[in-house]
Amino acid sequence: MNVGIESSWKTELTEAFEKPYFKTLADYVRAAYRNGTIYPVPKNIFRAFDLSPFAHTKVVILGQDPYHGPGQADGLAFSVPLGIALPPSLRNIFVELQADLGNPVPASGSLEGWAKQGVLLLNATLTVEAHKAGSHQNQGWELFTDAVIEAISSRKQHVVFILWGSYAGKKERLIDAQQHLILKSAHPSPLSAHRGFFQSRPFSKANAYLLATDQTPIAW
């Protein structure tokens with residue numbers, strides 16, 4: 001199947017794109033866009049991959065599914081476009097970033113700058129119906145994004161996987177902990193951030209590991 005995704009990812013994920021489930025998924029997603037309001041806009045479905053090619057990816061932050069409010073989803077997990085108010089989880093991410101590294105809380109919620117440095121901001125489900133969180137779960141996206149995680153784990157070395165919350169934490173089973181760093185904590189949501197997300201210091205820990213493995217740290 002010809003999928004509009006960055007060329008190195010297209011090569012790495014060729015087997016996934018040829019699986020029967022992916023054709024079924026593609027048909028489902030096309031029909032959803034024809035018949036309703038779906039986020040993100042089609043050109044941004046694979047934006048996380050376009051901004052962080054396979055060879056450049058050195059950190060993976062895993063989300064669950066895109067924001068489902070108007071104008072919020074930009075194809076990057078936890079990120080919102082310029083001019084959009086910070087969602088609560090993203091605000092808490094920035095609070096922890098400030099506590100961890102001393103960075104001021106950004107005025108913009110766009111995480112494009114992280115992505116361009118090799119941070120794959122990957123949602124487990126890449127599309128969602130407007131105002132219906134989780135509406136495109138269990139349609140095949142999770143099989144695809146599991147294949148992405150497995151490809152990174154098996155074909156790269158010394159990648160930092162940041163898993164926030166119980167949903168992301170379950171993906172630990174797909175990752176070779178001998179070859180990569182796994183950072184798990186509570187989710188940054190206001191419902192759980194005080195139960196282990198705050199003071200978890202993922203940003204400094206990620207950079208320390210990157211430096212220790214002769215990689216360039218992320219300018220968070």
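I began with Asp146, which counts as buried at 12% relative accessibility (buried is under 20% relative accessible area, exposed over 50%, partly exposed in between, with a 1.4 Å probe and protein chains only). The model is predicted, so I kept in mind that local features need pLDDT of at least 70, that side-chain atom pairs count only at pLDDT 80 or more, and that totals for chains, interfaces and linings use all residues. Residues are numbered from 1 along each chain as its sequence is written, and side-chain values use heavy atoms, with hydrogens and water left out.

I found a salt bridge between Asp146 and Arg173, the closest N and O atoms being 3.5 Å apart (a salt bridge is a side-chain nitrogen of Lys or Arg within 4 Å of a carboxyl oxygen of Asp or Glu). Arg173 is exposed, at 63%.

I counted 12 salt bridges by this rule.

I looked up Glu112 next: it forms a salt bridge with Arg47, with the closest N and O atoms 2.6 Å apart. Arg47 is buried at 16% relative accessible area, whereas Glu112 is partly exposed at 25%. I noted that Arg47, Asp74, Glu112 and Lys116 are linked in a network of salt bridges.

I then checked Arg155, which forms a salt bridge with Glu12, the closest N and O atoms being 2.8 Å apart. Arg155 is partly exposed at 46% relative accessibility, and Glu12 is partly exposed at 24%.
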